[in-house]
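Subject: Structure for you to look at

Hello,

Please find the structure below, with notes on what was found in it. Have it open while you read.

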Amino acid sequence: MFRYILNRYVLGFLSLIVLALVLITYTGQDRTGLSPVERVIKDVVTPVEHGVTGIVNGISDTVGSVLSIGSIKNENEELRERISSLEAENNLLREYEYQNLRLRELLQFKDTVARDYNTVSASVVARNPSNWFRTITINRGESDGLAKNMAVVTSKGLVGRVINVSANSAEVLLIIDSSSAVGSLIQINRVPGVIEGKADDSGMLKMIHLSKEAPVIAKQTVISSGLGGIFPKGLPIGTVIGIELESNGLVKYATVRPFVDFNELEEVLVIRNAPAVNETAPVDREGA
Amino acid sequence: MRYLVISILFLIGLILQSTIFSHLTVAGVKPDFVLIMTVFYALLHGSKEGATAGAIGGLMQDLLFGQNLGMNALAKIVVGFSFGMLEKKIYKENILIPMAIIFVATLLSESVLYLLRQYEGMSGGYLGALRSVMISAAIYNSCLTPFIYGKFYSSSTKGLLKVTER
């Protein structure tokens, strides 16, 4: 009797394991869309999550504003000063921009960084509850023109890319996820590399494939290179904070602190039309 | 009926985990209510029920947040089945025992997920992941145990989660 039960249970257990493994195999990152079951569930649950997130944010905003009244006055003063200095700086930069445009025209360079992306704003309604996946759910989907592999940014820099969409929600793979890869450049000297998430839960990024002699030092800014065709060129990613040699001793990697604070993400922009990088840059499909 | 109830509990747990508790991370980790409920359910009802509950909860998590369907399901089936084997072997009234079990169960579940992520190409050694993620998650989950176990225990012995036909 005992053996009978044991066999039946163990067989059941093993068949569940096999089923799960088959599912995992057939639903990898390469699949084109979500299954109907996933779509329905996501569309039902996203509004609920949106509501709960709204309540939580409301509460923390209220508590935060009551606690910070004292410091607001000083802050106001500082901000006024800052605005005037920024306005001056802004005028100067605009001047540089016009000059830059004229020079580019002169040299018949094509501007590879399109400034007028067609973007749509979205709220973050949920985060992946697992400690092993860095994804967020946003409240925009196919009905807002979103599609797989669209880049997601904030004003600070690159956030990630859309990995699946349902009618009214989308899942975004953050660049700090270890399975994310972004073709990147050191801004100042154009050293290329690939940015991926560190697997140690530190929220840091790793810029890999740097040759041992590459002139990469701390405090340099890393931007997207546009290679691979998913992320537009020139989006800020982060700052180099350290360089280490890989264990094989042949290449090195840089640890990069992202500009975006992934714990505080509330609003993001999804880039619906990435500029045609492919026309100006030779595309290395393995890059990203 | 009990599967419907546990599914609703899983759904509530997942929504809480992905919204409120994503702001209440401790040492960078989030709690795993689905895991906690799966283990309790397995402890009180045995391996078969435990693996089934694990499959339901894990699959729901995959459907809502996963890219690869089945990853969380696999981890939770393993946990539900393994800890279901302790059903008749432990003294369930003492809260410290479920707390210790949740600690070990979290390590097991996170290890399965770690292996699956490694298979997908994630870099990083096991010891590093154990230090930075798994142990913190295990401590967080076992600290949440006292708040959930009592309700779950009484519901499973006399309430909606009681198994009637065995």
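Predicted model: local features only at pLDDT ≥ 70, side-chain atom pairs only at ≥ 80, totals over all residues.

Residues are numbered from 1 along each chain as its sequence is written, and chains are lettered from A and ligands numbered from 1 in the order in which they are written.

Chain A

The secondary structure of chain A amounts to 3 helices and 12 strands. Helices (H or I, at least four residues) and strands (E, at least two) are DSSP runs, numbered from the N terminus. Of the 288 residues of chain A, 34% are buried; buried means that 20 or more other C-beta atoms lie within 10 Å of the residue's own, exposed means 12 or fewer, and partly exposed is in between, with C-beta atoms placed from the backbone. Among contacts in chain A between residues at least 6 apart in sequence, 60% join residues at least 24 apart. Two residues are in contact if their C-beta atoms, placed from the backbone, lie within 7 Å.

One barrel in chain A is closed by 6 strands in the order β1-β2-β5-β4-β3-β12, with antiparallel pairing. The twist averages 45 degrees from one strand to the next. Angles run from 0 to 180 degrees between N-to-C directions, and axes are lines fitted to C-alpha atoms, for helices over the stretch in contact. Helix α2 (residues 36–67) of chain A packs on the sheet, where it touches β1 and β2 of chain A, and its direction makes about 80 degrees with that of β1(A).

Strand β2 (residues 135–138) of chain A is covered on both faces: A:Thr135 and A:Thr137 on one side, and A:Ile136 and A:Ile138 on the other, are all buried. In a regular strand the side chains alternate between the two faces of the sheet. Strand β1 (residues 118–127) of chain A pairs with β2(A) in the antiparallel sense over 3 bridges; two strands pair if DSSP finds at least two bridges between them. A:Arg127 has A:Ile136 as its bridge partner in β2(A). With strand β5 (residues 170–174) of chain A, β2(A) pairs in the antiparallel sense over 4 bridges, and A:Ile136 stands opposite A:Val172 in β5(A). Strand β4 (residues 158–165) of chain A also pairs with β5(A), in the antiparallel sense over 5 bridges. There A:Val162 stands opposite A:Val172.

Another barrel in chain A has 6 strands in the order β6-β7-β8-β11-β10-β9, again with antiparallel pairing. Its twist averages 40 degrees from one strand to the next. Strands β6 (residues 181–186) and β7 (residues 192–197) of chain A run antiparallel and are joined by 5 bridges; A:Glu196 in β7(A) is the bridge partner of A:Ala181. Strands β9 (residues 221–224) and β10 (residues 236–245) of chain A, also antiparallel, are joined by 3 bridges, and A:Ile223 stands opposite A:Pro236 in β10(A). Between β10(A) and strand β11 (residues 251–258) of chain A there are 7 bridges in the antiparallel sense. The hairpin of β10(A) and β11(A) has 5 residues between the strands, and A:Gly249 takes a positive phi near 75 degrees there.

The contact between the chains

The contact takes 45 residues from chain B and 38 residues from chain A. On the side of chain B that touches chain A, the largest share, 8 residues, comes from α4(B). By class, this side has 22 nonpolar, 17 polar and 6 charged residues. Ala, Val, Leu, Ile, Met, Phe, Trp, Tyr, Cys and Pro count as nonpolar, Asp, Glu, Lys and Arg as charged, and the others, Gly among them, as polar.

Helix α4 (residues 47–65) of chain B has 19 residues and reaches 26 Å from its first C-alpha to its last, close to the 27 Å expected at 1.5 Å a residue; the expected span is 1.5 Å times one less than the number of residues. Because 18 of its 19 residues are buried, α4(B) is largely enclosed by the rest of the structure.

The cores

A nonpolar core is a set of buried Ala, Val, Leu, Ile, Met, Phe, Trp, Tyr and Cys residues joined through C-beta atoms within 7 Å. The largest has 59 residues, and B:Ile6, B:Phe10 and B:Ile77 are among those with the most contacts inside it. α3(B) gives the most to this core, with 11 residues. Apart from this core lies another, of 45 residues, including A:Val125, A:Val153, A:Leu158 and A:Val216.

Regards
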